[in-house]
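Visitor: I'm new to this one. Could you show me how to read it?

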Amino acid sequence: MLTINGQFPGPTIYARKGDLVIVDVINRAGHNITIHWHGVKMPRYPWTDGPEFVTQCPISPGTRFRQRVVLSDEEGTLWWHAHSEWSRASVYGALIILPERNQPYPFPKPHAEVPILLGEWWNSDVQEVMEEFLATGGDPNISDAFLINGQPGDLYPCSRQDTYRLTVEFGRTYLIRMVNAVMNNIMFFRIANHNITVVGSDAAYTKQFSSDYITISPGQTIDFLLVANQPPSHYYMASRVYASAGNFDNTTTTGILQYAGNYTIPSSPPLPTFPAFNDTSSSVNFTTRLRSLANAKYPIDVPLNVTDILFFTLSINTRPCPLNASCDGPRDERFLASVNNVTMVLPRTDILQAYYRNISGVYQNDFPDNPPFPFNYTQFFVPIDLWRPQDGTAVNILDYNATVELVFQGTNTVAGVDHPMHLHGYSFYVVGSGLGNFNNVTDPPRYNLVDPPLMETIAVPVNGWTAIRFQANNPGVWFLHCHFERHVSWGMGMVFIVKNGNGPNATMLPPPPDMPRC
Ligand code: C2O
Ligand code: CU
């Protein structure tokens with residue numbers, strides 16, 4: 001497997017708010033790589049953001065690239081991961097951004113802080129899994145296990161001795177920094193007998209709320225406080241998939257929460273119970289409880305006057321199988337995915353370079369603000385032929401400082417599924433969401449403009465919609481995509497180009513001298 005510094009998960013990077021982190025990426029593998037700083041806005045500096053063929057060419061075997069990771073207002077937990085084909089399966093780690101020196105958290109100082117990264121394990125080479133999946137156009141092989149901090153846990157007898165263990169002292173409070181680095185699933189997480197208190201998500205603090213489970217999308221982070229207030233013993237922590245992508249048994253990964261001290265260790269502590277696989281309301285209910293602090297010290301600044309209203313449909317599609325191939329999708333076709341009916345095709349030269357150097361023929365400026373025609377997006381059995389996507393490498397251009405409202409509408413073409421949508425270069429306010437079709441008359445008056453959460457990855461619920469707002473104040477080239485690896489490989493992505501404004505602080509910075517070449 002591909003690893004960074006021989007570690008899996010990769011090293012945790014600790015920084016403080018406002019720091020500049022410099023990372024030298026040296027590729028000693030036989031495989032292209034890029035590294036993305038997930039959730040870092042990289043103000044005016046998309047050059048080292050990382051998505052291959054969007055902001056850079058891959059770092060080829062034997063070469064290196066110095067990446068400047070420019071932290072600005074992020075504070076909390078983020079992460080870094082490979083952004084080249086499916087290599088993020090094993091190339092990821094936490095990026096923990098502490099408050100500025102001598103600044104407190106908006107909650108009592110915890111006794112200790114613990115990163116918990118959810119991931120996946122394949123018994124085969126992930127590159128081969130991806131290639132087979134792309135060749136057949138069907139659903140990918142499912143991984144062989146989910147992981148907590150790199151370990152499948154003791155439901156897998158051969159992994160039992162390496163099960164992740166968190167030792168706590170009775171009466172103490174711990175800050176858990178959780179990252180979902182899973183490839184294709186939203187996850188539930190729960191610690192038996194313990195409630196937790198959520199305090200942040202996606203490197204922004206939230207109002208505190210108590211819960212006995214967590215829903216976390218791929219890409220998302222959740223910070224929560226765990227108080228060791230139960231009778232000293234061993235308790236399971238476990239994570240299980242929501243909305244599984246196939247029929248398989250490897251749905252659950254476990255770790256152990258063990259209290260320090262002397263007591264009789266239970267031979268088999270009870271596993272926490274989980275919401276059902278298809279329990280969309282449990283998934284959505286957790287996420288809609290996330291709220292910004294929105295107070296004097298942590299004010300919000302939601303755009304109130306919107307200049308650009310965008311409506312993006314997220315669809316799973318199919319297309320006839322290429323001649324002489326055999327396809328695994330429905331009706332022997334192949335799966336594709338699209339945003340506003342455009343299936344994103346990555347170019348051979350990165351879009352950022354083409355934009356900066358005026359190279360024509362790499363992308364088109366015509367990514368649509370709306371789907372080509374409206375239909376009943378979420379009805380059951382949308383005729384597949386109603387909607388065949390077009391291939392494209394299309395960008396949507398935003399003026400500097402445009403105030404954008406973007407509504408994601410999930411559709412039921414072929415199949416309705418959740419889509420954890422992630423925007424590079426920005427955080428956005430999640431101002432509304434609902435099930436069914438978005439109604440542009442009755443839904444906007446119900447938006448939360450008072451304390452909406454500030455996120456960079458948001459799960460658009462199955463057959464539902466989510467509305468976000470952001471101000472386009474970060475000039476550059478920024479990828480927007482579903483954080484399910486199978487969906488982005490099928491083309492569920494698009495690119496925003498945010499133009500330069502007037503003055504040096506509104507202008508993109510020049511590239512570093514060692515940009516990788518295609
Ligand atoms: Cu976490 Cu474009 O990725
Ligand atoms: Cu998706």
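Guide: Helices (H or I, at least four residues) and strands (E, at least two) are DSSP runs, numbered from the N terminus. Residues 367-501 are 4% helix and 41% strand, with end C-alpha atoms 21 Å apart. This is a predicted model, where local features need pLDDT of at least 70, side-chain atom pairs count only at pLDDT 80 or more, and totals for chains, interfaces and linings use all residues. Residues are numbered from 1 along each chain as its sequence is written, while chains are lettered from A and ligands numbered from 1 in the order in which they are written.

Visitor: How many helices and strands are in the chain?

Guide: The chain has 4 helices and 30 strands.

Visitor: How do I tell whether Asn358 is buried or exposed?

Guide: Count the other C-beta atoms, placed from the backbone, within 10 Å of the residue's own: 20 or more is buried, 12 or fewer exposed, and in between partly exposed. Asn358 has 7 such neighbours, so it counts as exposed. Asn358 sits in the loop between α3 (351-356) and β21 (390-392), and has a positive phi of about 55° although it is not a glycine.

Visitor: And where is Asn193?

Guide: Look in the loop between β11 (186-191) and β12 (196-201). Asn193 is partly exposed because it has 16 C-beta neighbours inside 10 Å. Its phi is positive too, about 65°, and Asn193 is not a glycine.

Visitor: What share of the 518 residues is buried?

Guide: Buried residues account for 49% of them.
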